[in-house]
Amino acid sequence: MAPSLRTAFVGLLFVASTAFAADASERRFIREGMSEGEVVMKIGRPDSESVDTGYGAKVAVKRWMYFPAPGDPQTLTTLTIREGQVVEVSRQVAR
């Protein structure tokens, strides 16, 4: 395969895998104990992210928010991540 065709093919695979990974209907399957990487592969990057290091905290706590989207149209999903693992999953109906 020619280098330009190979590059185009790899790019197409990346776009297809990203679109598949961002399936909002998969959000309900996120569980405590999953790694950040597992979450990103399953539902994509968060719509919003915050990091709380607190006063003197040794471990940063991340909060990832996924806004309502097709496939999960009425639910706001918030993940709390500590040391690279999901420690809390909150799903709230947004009306």
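Modeller: Keep in mind that this is a predicted model. The protein exposes about 6600 Å². Carbon and sulfur atoms supply 59% of that area.

Colleague: And what share of the residues is buried?
Modeller: Of the 95 residues in the protein, 23% are buried.

Colleague: How many helices and strands are there?
Modeller: Two helices and four strands.

Colleague: In what order do the elements run from the N terminus?
Modeller: The order is α-α-β-β-β-β.

Colleague: Let's talk about Arg27. Where is it found?
Modeller: Arg27 sits in the loop between helix H1 (3–21) and helix H2 (36–43).

Colleague: Buried or exposed?
Modeller: Arg27 has a relative accessible area of 5%, so it counts as buried. The cut-off for buried is under 20%.

Colleague: Which residues is Arg27 in contact with, leaving aside neighbours within four places in sequence?
Modeller: Among them are Ile43, Asp47, Tyr66, Phe67 and Pro68. The list also includes Asp72, Thr75 and Arg91.

Colleague: New topic. Where is Glu83?
Modeller: Glu83 lies in the loop between strand S3 (75–82) and strand S4 (85–93).

Colleague: Is that one buried or exposed?
Modeller: Glu83 has 64% relative accessibility, so it counts as exposed. Exposed means over 50%.

Colleague: What about the phi of Glu83?
Modeller: Glu83 has a positive phi of about 55°, although it is not a glycine. Most residues other than glycine have a negative phi.

Colleague: Last one. What share of the contacts with a separation of 6 or more joins residues 24 or more positions apart?
Modeller: That share is 29% in the protein.

Conventions
Residues are numbered from 1 along each chain as its sequence is written. This is a predicted model: local features need pLDDT of at least 70, side-chain atom pairs count only at pLDDT 80 or more; totals for chains, interfaces and linings use all residues. Side-chain values use heavy atoms; hydrogens and water are left out. Buried means under 20% relative accessible area, exposed over 50%, partly exposed in between (1.4 Å probe, protein chains only). Contact means heavy atoms within 4.5 Å. Accessible areas come from the Shrake-Rupley method with a 1.4 Å probe; for residues, only the protein chains shown count as cover.
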